[in-house]
Amino acid sequence: MEDSTQPAAIRIFVDADACPVKPEIYKVAERYGLKVFVVANSFMNVPRSNMIERVIVSECPDVADGWIVERATENDIVITADIPLAGRCVKKGSSVLSPTGKPFDDNSMGMALATRDLMTDLRSAGATTRGPAPLSRQDISRFLSALDLAVTRLQRKLK
């Protein structure tokens with residue numbers, strides 16, 4: 001039986017296979033005392049901490065996405081660059097951030113999905129497209145600010 005006097009805990013779910021900001025996530029989570037789930041389909045080193053849980057799922061497509069979507073709630077933060085995963089988590093009410101600090105929400109998902117689909121169509125038609133640019137210091141700074149803001153907003157909401 002849950003103790004209804006305790007506020008819900010904020011958790012962070014990381015779509016970890018290609019996430020370039022895991023060290024930054026760990027620092028912010030430690031500062032706020034938040035549980036982090038690092039979800040990947042292969043072994044990944046994570047800091048030794050009771051607050052960081054490594055979750056290894058099968059290598060089948062979208063298993064990590066499904067694991068995150070099944071568990072994330074409106075009290076949680078999801079970090080992903082995967083647009084369809086971001087959309088599914090936004091629908092559940094989770095706070096969703098890209099590794100560059102761009103928040104995904106109901107307003108931005110349509111454009112993000114359209115851009116993703118356009119790039120997929122261009123690649124399938126033989127066009128050469130570039131992958132994401134390497135993260136700059138500004139991207140990391142923007143991510144840290146966005147994550148801090150997301151945590152603060154959830155803390156206020158849960159008080």
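Mentor: The accessible surface of the protein comes to about 9800 Å², and carbon and sulfur atoms hold 53% of that (Shrake-Rupley method, 1.4 Å probe; for residues, only the protein chains shown count as cover). This is a predicted model, where local features need pLDDT of at least 70, side-chain atom pairs count only at pLDDT 80 or more, and totals for chains, interfaces and linings use all residues. Residues are numbered from 1 along each chain as its sequence is written, and side-chain values use heavy atoms, with hydrogens and water left out.

Of the 159 residues, 38% count as buried (under 20% relative accessible area, 1.4 Å probe, protein chains only). The order of elements from the N terminus is β-α-β-β-α-β-α-β-β-α-α (DSSP runs: helices are H or I, at least four residues; strands are E, at least two).

The largest nonpolar core has 27 residues (a core is a set of buried Ala, Val, Leu, Ile, Met, Phe, Trp, Tyr and Cys residues joined through side-chain atoms within 4.5 Å). At least two of its residues come from each of β1, α1, β2, β4 and α5, and α5 gives the most, with 7. Leu147 is among the residues with the most contacts inside this core. Leaving aside residues up to four places away in sequence, Leu147 touches Ile12, Ile25, Val28, Ile77, Ile79 and Leu97 (contact: heavy atoms within 4.5 Å).

Apart from this core lies another, of 18 residues, including Ala64 and Val90. Ala64 is also one of the buried residues of helix α2, with Asp65, Trp67, Ile68 and Val69. The buried residues of α2 pack against β1, β2, β3, β4 and α3.

Methods:
Buried means under 20% relative accessible area, exposed over 50%, partly exposed in between (1.4 Å probe, protein chains only).
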